[in-house]
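Hi,

Here is the structure I promised to pass on.

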Amino acid sequence: MNEKYLVVNCGSSSLKFSLYEMPNEAVIAKGYIEKIGLDDSFWTISYNGEKITGKKKLDNHKEAVNVMTSELVNNNIIKNMNEIKGIGHRVLHGGEIYSDSVIIDDKVLNDIINMTNLGPLHHPGEIDGIRAMIECLPKTKQVAVFDTAFHQTMPKVSYIYAVPYEWYTKYKVRKYGFHGTSHKYITNKMQKLFNKNDVNLIICHVGSGASVTCVKNGKSYDTSMGLTPLDGLVMGTRSGRIDPSIIKFISDESGKSLDEITTDLNKNSGLKGICGKNDFRDVVALINEGNEQAKLAYDIFMDAIIKHIAEYYFELDGRVDAIVFTAGILENNTLIRENIINKLSGPINTYINKVANDNIGYGHDLKEGIITTESSKVPVYVIPTDEEVMIVRDCYRLVKEANNN
Ligand code: ADP
């Protein structure tokens, strides 16, 4: 029998949701509520090809949940909220405690609250969203799906930093990695495609946030993000990997506080720091106008991706089943895909298939496929990611398991 499940993804001032029919994984409705806590909160829900919109001051996530439920019921998308059999929440940090998704009980909620120090930008909104959903549907099972969980298979050699060891034992400072739900989705898809579990992959998830993961024998072996999602690749507004001494240096030189510098590294760096624009389409538009800062930003951004691919190619001893490009930028921008592959062509004997590459992405019928020539040593695939379907799958699995016990 088909049942309805809800996927909820809360930010500090937003709530995104998707209503699924399971087990067939059909999306019934999708919505987002924005500017929660501000005067001009608004929402948009897509259902049956139509858009339902509204605006009203929403003080907190509880009020946003009330809007979501009343819109779902008033527009006859569901009869009542009891139709919803489970709710899956995206949660940033599972620390070392969670290597899989889990049904939320008091202990799990407390663990998530206690890990706010590891996810200070994300956890407060996520906790508000979980609490609001529990208040709204106290009897319905809720599941936490952690962005870090997939990377818990990393060995110590990948996750321990070369800093005083008690930073790890006392404060849990280590590499955790993020985008795990996306990297797991791609890994599962490639396992099916290659019909084997022990795939070796280099997965490049490049959207406004960006990370590369080295998958060895079907498991995350290393990944570019670290204790927080700031490390690794250059991103829309995040610096990625930098010399840690810069922080004290800038503090001494500019008088900025640690908090201000952390904000600069998270919100005013990356593409935006170099050329003023963080949306990749805007950067490309500036390049087309001849803007040299934008070209510099593009080159630095691309260089970071290539360096991580090279690092993981060595880690996998060249035995790579596929390199996979996913998320907003690499799913859509043909030029950066071509530029990256051209740079890889000499060292790893992998060559762009220009026709195939130019046919995949925004404005094209094809959304996925191989974009390298048949004779290439390592095929490069474009595969759209789907983190929400992973969340609903885990939610469905755990709710069914719990109901059978
Ligand atoms: P996130 O989920 O982290 O917000 P996405 O995976 O949605 O990020 O990616 C957002 C990025 O993808 C933005 O920089 C945006 O400019 C870029 N992007 C989206 N569509 C296109 C496109 N058609 N061409 C180039 N870049 C695109």
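In this model, 6 residues of domain 1 are in contact with 6 residues of domain 2 (contact being heavy atoms within 4.5 Å). Before you read on: this is a predicted model, where local features need pLDDT of at least 70, side-chain atom pairs count only at pLDDT 80 or more, and totals for chains, interfaces and linings use all residues. Residues are numbered from 1 along each chain as its sequence is written, and side-chain values use heavy atoms, with hydrogens and water left out.

Domain 1 covers 3-146 and domain 2 covers 196-387, with bounds from an automatic or database domain assignment. Their C-alpha centres are 29 Å apart. Between them they bury about 390 Å², 52% of it on carbon and sulfur atoms (buried area is the accessible area, 1.4 Å probe, that two parts lose on being put together, summed over both). Arg90, Leu118 and Leu121 supply 61% of what domain 1 buries against domain 2, more than any other three residues.

The two domains share 1 salt bridge (a side-chain nitrogen of Lys or Arg within 4 Å of a carboxyl oxygen of Asp or Glu). Glu387 and Arg90 also pair their side chains in a salt bridge, at 3.3 Å from N to O.

Elsewhere, Asn357 sits in helix H14 (residues 354-358), helices being DSSP runs of H or I with at least four residues, numbered from the N terminus. Leaving aside neighbours within four places in sequence, Asn357 is in contact with Thr334, Arg337, Glu338, Ile352 and Ile371.

Cheers

Methods: Helix = DSSP H or I, 4+ residues; strand = E, 2+ residues; numbered from the N terminus.
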